[in-house]
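Please keep the sequence and the coordinates at hand while reading.

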Amino acid sequence: MFSRYSLPESADLTEVENRITPGLAKRLAKQGLALGAPVHIRVFKESSELELWVRKAGGDYGLFRTYPICSYSGALGPKLKEGDRQSPEGFYTVSPGQMNPNSRYHLSFNIGFPNAFDRSHGRTGSFLMIHGNCVSIGCYAMTNDGIEEIYLLANEAFKKGHADFGVHIFPFRMTEDNFARHSGSKWQGFWRNLKEGHDAFEFTRVPPVVGVREQVYTVAARPAPGLKTAAVPVVKPR
């Protein structure tokens, strides 16, 4: 179990906590959600949106809010190498040590690029963040108001002993119409792989278990509360 004392702290973070926690807790409660519950983040590049999901008492996740992304770098498609000024796509995990309340960009957290999938493809890069200040050089930049809520919700979950949270980054809303619009992209196969994780969450509203095998993401859907395991879609290895 993590305690608040194992998390990075700063005077700025304390000020943010004191200023927004009461109102944030009330807004969560109106949606049947609670401060300190596990969180899950989904990013959609093309529409510049970040979804913040919070686990409900029943075990599935509810959408708390969709935040506008001020800026991200590059085009649709994954980050390939250090210095390409491209924002990543893929499935990432954030633990307490990746939180930075002393960021030059107000508040930030490192998404964990490169992950095992990226490394298997020889992709390089470092310090890829979600942060404030609306300025991006390969990161996902939020408004300061937005990053304050996102950071605080994640930080409070860590304080309650939750070990990590997922950041799932997609090129666009994973509809067939959008795939058709981008049918000429060389990343179609990669995006179809990402869609497996996207669809598992859409079906159960519980973050799936994601692994890597033979340079491909593997996805195992977790059953939602009250849902028979047999009803969960099975993604066969490629």
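## Basis and confidence

This is a predicted model, in which local features need a pLDDT of at least 70 and side-chain atom pairs count only at pLDDT 80 or more, while totals for chains, interfaces and linings use all residues. Residues are numbered from 1 along each chain as its sequence is written, and side-chain values use heavy atoms, with hydrogens and water left out.

The protein chain averages a pLDDT of 92, and 92% of the residues score at least 70, where pLDDT is the predictor's confidence in each residue on a scale from 0 to 100. Over residues 1–5 the pLDDT stays under 50, and for this stretch the model has eleven contacts beyond four places in sequence, a contact being heavy atoms within 4.5 Å.

Helices (H or I, at least four residues) and strands (E, at least two) are DSSP runs, numbered from the N terminus. Twelve of the 17 residues of H5 are buried, so this helix is largely enclosed by the rest of the structure; buried means under 20% relative accessible area, exposed means over 50%, and partly exposed lies in between (1.4 Å probe, protein chains only). The buried residues of H5 include Trp-191, Lys-195, Glu-196 and His-198. Asn-193, also in helix H5, counts as buried because its relative accessible area is 4%, and a polar atom of the Asn-193 side chain lies 2.9 Å from the backbone nitrogen of Tyr-217. H5 is followed by Arg-205, whose phi is positive, near 60°.

Helix H3 (residues 144–159) has 16 residues and reaches 22 Å from its first C-alpha to its last, close to the 22 Å expected at 1.5 Å a residue. Because 14 of the 16 residues of H3 are buried, H3 is largely enclosed by the rest of the structure. Just after H3, Gly-161 takes a positive phi of about 100°.

## A buried lysine in a loop

Lys-79 lies in the loop between strand E3 (61–72) and strand E4 (90–94), and its relative accessible area of 4% makes it buried. The Lys-79 side chain makes a polar contact with the side chain of Asp-84 (2.6 Å), such a contact being a pair of N or O atoms within 3.5 Å; within protein, one must be able to donate a hydrogen and the other to accept it, and residues adjacent in sequence count only if both atoms are side-chain atoms. A polar atom of the Lys-79 side chain also lies 3.3 Å from the backbone oxygen of Lys-81.

Leaving aside neighbours within four places in sequence, the residues in contact with Lys-79 include Arg-85, Glu-89, Phe-113, Arg-123 and Leu-128.

## Backbone geometry

Most residues other than glycine have a negative phi, and most peptide bonds are trans. A cis peptide bond joins Phe-113 and Pro-114, with omega about 0°, and Pro-114 is found in the loop between strand E6 (108–110) and helix H2 (116–120).

Ser-48, in the loop between strand E1 (39–44) and strand E2 (49–55), has a positive phi near 55° and is partly exposed, with a relative accessible area of 24%. Cys-134 has a positive phi of about 60° although it is not a glycine; Cys-134 is found in the loop between strand E7 (129–131) and strand E8 (140–142), and counts as partly exposed at 34% relative accessibility.

How values were computed
Expected span 1.5 Å × (residues − 1).
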